[in-house]
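Dear colleague,

Please find below the structure I promised to hand over, together with its sequence.

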Amino acid sequence: MMARFEENEYFLLAMFQKESRRATIEQIYNVITYVCRDDEMLALINSTLEKLWFLADEAFLNMDLELYKEEPVEDE
């Protein structure tokens, strides 16, 4: 069964997505030292990493994160 990611986790994945699940995990892991004082961001990173560890490589490769890579439209 595929892990259920929250919307913010999808945005995080889209920001750091690499060619494989393991490369993405490593990329996200590398930013922990920069956000370690932000408890909310650290919690988001930890929950995302935990789900990624249990996600099959094939399921990761089938994730469509394009929607989450788009910049939000600002209201005028």
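Predicted model: local features only at pLDDT ≥ 70, side-chain atom pairs only at ≥ 80, totals over all residues.

Residues are numbered from 1 along each chain as its sequence is written, and side-chain values use heavy atoms, with hydrogens and water left out.

The protein chain has six helices and zero strands, and its pattern along the sequence reads α-α-α-α-α-α; helices (H or I, at least four residues) and strands (E, at least two) are DSSP runs, numbered from the N terminus. Of its 76 residues, 36% count as buried, where buried means under 20% relative accessible area, exposed over 50%, and partly exposed in between, with a 1.4 Å probe and protein chains only. Among the contacts (heavy atoms within 4.5 Å) with a separation of 6 or more, 66% come from residues 24 or more positions apart.

Helix 4, which covers residues 39-54, has 16 residues and spans 23 Å from its first C-alpha to its last, close to the 22 Å expected at 1.5 Å a residue; the expected span is 1.5 Å times one less than the number of residues. The buried residues in helix 4 are Leu42, Leu44, Ile45, Thr48, Leu49, Lys51 and Leu52, and they pack against helix 1 (7-16), helix 2 (21-29), helix 3 (32-35) and helix 5 (57-61).

Helix 1 has its own buried set, namely Glu9, Tyr10, Leu12, Leu13, Ala14 and Phe16, and what covers these residues includes helix 2, helix 4 and helix 6 (66-69). The axes of helix 1 and helix 4 come within 10 Å and cross at roughly 80°, which makes helix 1 roughly perpendicular to helix 4. Here the axes are lines fitted to C-alpha atoms, for helices over the stretch in contact, with angles running from 0 to 180 degrees between N-to-C directions; angles under 35 degrees count as roughly parallel, over 145 as roughly antiparallel, 65 to 115 as roughly perpendicular and the rest as oblique. In this contact, Asn8, Glu9, Leu12 and Leu13 of helix 1 meet Leu44, Ile45, Ser47, Thr48, Lys51 and Leu52 of helix 4. The residues involved divide into five nonpolar, three polar and two charged, given that Ala, Val, Leu, Ile, Met, Phe, Trp, Tyr, Cys and Pro count as nonpolar, Asp, Glu, Lys and Arg as charged, and the others, Gly among them, as polar.

The axes of helix 1 and helix 2 come within 9 Å and cross at roughly 100°, and the two helices are therefore roughly perpendicular to each other. Leu12, Leu13 and Phe16 in helix 1 meet Thr24, Gln27 and Ile28 in helix 2, and by class this contact has four nonpolar, two polar and no charged residues. Within helix 2, the residues Arg21, Ala23, Thr24, Ile25 and Ile28 are buried.

Thr24, in helix 2, counts as buried at 0% relative accessibility, and a polar atom of the Thr24 side chain lies 3.0 Å from the backbone nitrogen of Lys18. Not counting residues up to four places away in sequence, Thr24 touches Leu13, Phe16, Gln17, Lys18, Leu52 and Phe60.

Gln17 sits in the loop between helix 1 and helix 2 and is partly exposed, with a relative accessible area of 25%. A polar contact of 2.9 Å joins the side chains of Gln17 and Lys69, a polar contact being a pair of N or O atoms within 3.5 Å, of which, within protein, one must be able to donate a hydrogen and the other to accept it, and residues adjacent in sequence count only if both atoms are side-chain atoms.

Best regards
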